Each structure stands twice: as C-alpha cells, then as structure tokens.
Amino acid sequence: MNVMRVSYVRREVRNYADAPVAQRVLEALIAAAIEAPGACCEQPWHFTVIRNQPLLDRISAAAKVHLLSTIGGNPGRMEVRQYLLSPEFQIFYHAPVVILISARSDEQAFEEASVVAQNLMLAAREFGLSTCWIDFARNWLETHEGRRSIALPAGYQPIAPIIIGRPHATTLPAPCEPPIIKWID
Ligand SMILES: Cc1cc2nc3c(=O)[nH]c(=O)nc-3n(C[C@H](O)[C@H](O)[C@H](O)COP(=O)(O)O)c2cc1C
C-alpha cells in the first residue's frame with residue numbers, strides 16, 4: 001500500500017476480532033515504528049507489549065476510576081463521563097494487544113513517541129490490522145501504581161498506548177474540519 005493510500009485508509013478501530021496478532025508481526029511493526037525520525041538519533045523509546053487480557057482489564061478499571069476523579073463535574077466532559085461510568089466499557093475495546101510507547105522523560109518525549117506511534121499505526125494497515133491510540137490509559141499508567149503494573153523502567157514516560165488487532169467492523173471516517181492553511185510566498 002503506498003503512503004498516500006495508507007494515510008487515507010487508516011481509521012481508528014474500536015471493534016476487534018477475537019484473534020491474536022502473531023509475534024513476528026508485532027516485531028515487524030516495532031521495527032517499522034523506530035524508523036521514524038528522532039530529535040537526536042538517540043532512539044529514546046521503550047515498548048511495552050501487553051497481551052495479558054486480565055492485566056488489560058485491571059488497567060482499564062483503574063484508569064477509568066482515575067479519569068473520573070480528574071474529570072469531576074466538568075460539563076465539557078459529560079459524554080466521556082457516561083462512558084467511564086459504564087461497567088461494560090473497557091478502554092482498550094478488548095483488543096488482543098496493546099503496545100505502549102514510552103520515551104525517556106528528559107528528551108522531547110511527546111514528540112519522539114508520537115512520530116513512532118504514527119509509523120506503527122500506518123504500518124499496521126500493511127498487515128490488515130487496525131489500531132487506536134488510547135489516551136484514556138496514559139494518566140493512570142504514569143502513576144506509581146500504573147508504572148509498577150507494567151514494570152516500566154524509571155526515567156521513561158508512558159505516552160502512546162496503541163491497541164492493535166484484526167478489525168471486526170469497518171469504521172467510517174470521522175468528520176474532519178478543513179485545515180487552516182496560510183500560504184506565505
Ligand atoms: C492523542 C490521541 C488520543 C486518543 N485517545 C483516544 C482514547 O482514549 N479513546 C479512543 O477511543 N480514541 C482515542 N483516540 C482516537 C481518536 O478519537 C480518533 O483518532 C478520532 O476519532 C479520529 O478518527 P480517525 O483516526 O479514525 O480519523 C485518540 C487519538 C489520538 C491522536
């Protein structure tokens with residue numbers, strides 16, 4: 001699939017078939033991901049590949065409680081609050097794999113991890129897989145308890161939890177606002 005096409009066909013998917021993703025495919029995705037540009041060519045990333053479903057259930061439950069405590073009564077977050085209050089809602093949508101991309105906190109961690117995440121999400125399409133970035137998990141994974149749950153080494157900041165799996169249903173493109181472009185010639 002060429003780059004233009006994959007940019008258009010990638011969609012965040014929230015409904016996955018109950019099928020594992022082969023180890024060699026996950027390794028290929030990480031290999032493609034780290035081809036992303038890096039600020040100082042220091043490759044400051046750390047990948048946590050989580051396939052343990054009971055652990056993902058526990059992270060989801062803890063992240064929901066954590067998020068609800070931070071959202072409080074914020075009127076702008078009422079829809080999110082409804083999701084989080086639903087016992088059936090699992091923040092990872094029961095995807096078979098989560099790859100958490102972390103970066104060393106003393107670098108440009110967000111930028112470094114985000115370009116890697118986008119590479120990984122685009123590469124997944126090449127294998128007929130879909131992905132979704134799950135920011136709902138991030139704040140809790142940053143806590144002491146969250147870091148301990150996945151044995152994240154000290155000095156790394158968890159940034160991009162990406163769910164991966166075979167899509168069960170297609171996702172329609174989300175409506176996009178036209179970009180604001182100022183041409184300066
Ligand atoms: C930084 C970031 C965080 C996101 N966090 C979540 C999330 O926690 N849960 C979720 O269901 N989708 C999440 N998404 C997916 C967006 O909602 C999705 O990209 C958006 O609806 C547009 O859909 P599309 O990517 O299919 O075009 C996130 C996307 C990004 C880039």
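1. Of the 185 residues of the chain, 28% count as buried, a residue being buried if 20 or more other C-beta atoms, placed from the backbone, lie within 10 Å of its own. This is a predicted model, in which local features need pLDDT of at least 70 and side-chain atom pairs count only at pLDDT 80 or more, while totals for chains, interfaces and linings use all residues. Residues are numbered from 1 along each chain as its sequence is written.

2. On overall form, a compact globule of 185 residues would have a radius of gyration near 16 Å, and the 17 Å of the chain agrees with that; the radius is taken over C-alpha atoms, and the globule rule is 2.2 Å times the number of residues to the power 0.38. The C-alpha trace spans about 45 × 40 × 40 Å along its principal axes.

3. The chain holds seven helices and four strands, arranged from the N terminus as α-α-β-α-α-β-α-β-α-α-β. Helices (H or I, at least four residues) and strands (E, at least two) are DSSP runs, numbered from the N terminus.

4. Strand 4 deserves attention, because ten of its ten residues are buried, so that the strand is largely enclosed by the rest of the structure. Strand 2 pairs with strand 4 in the antiparallel sense over eight bridges, where pairing requires that DSSP finds at least two bridges between two strands. Strand 3 (residues 130–133) also runs antiparallel to strand 4, joined to it by four bridges. Within strand 4, Ile164 is the bridge partner of Val97, and Ile162 that of Trp133.

5. Ile164 and Ile162 return in the largest nonpolar core, which has 40 residues and in which Val98, Ile101, Leu120, Ile162 and Ile164 touch the most other members. Such a core is a set of buried Ala, Val, Leu, Ile, Met, Phe, Trp, Tyr and Cys residues joined through C-beta atoms within 7 Å. Helix 5 gives the most to this core, with seven residues. Leaving aside its neighbours within four places in sequence, Ile164 is in contact (C-beta atoms within 7 Å) with Val21, Ala95, Val97, Ile99, Ala124, Leu129 and Thr131.

6. Around the ligand stand Arg11, Glu12, Arg14, Cys132, Trp133, Ile134, Asp135, Phe136, Thr171, Pro173 and Ala174, each counted as near if its C-beta atom, placed from the backbone, lies within 6 Å. This shell divides into six nonpolar, one polar and four charged residues.

Key
Nonpolar A, V, L, I, M, F, W, Y, C, P; charged D, E, K, R; others polar. Buried ≥ 20, exposed ≤ 12 C-beta atoms within 10 Å, placed from the backbone. Contact = placed C-beta atoms within 7 Å.
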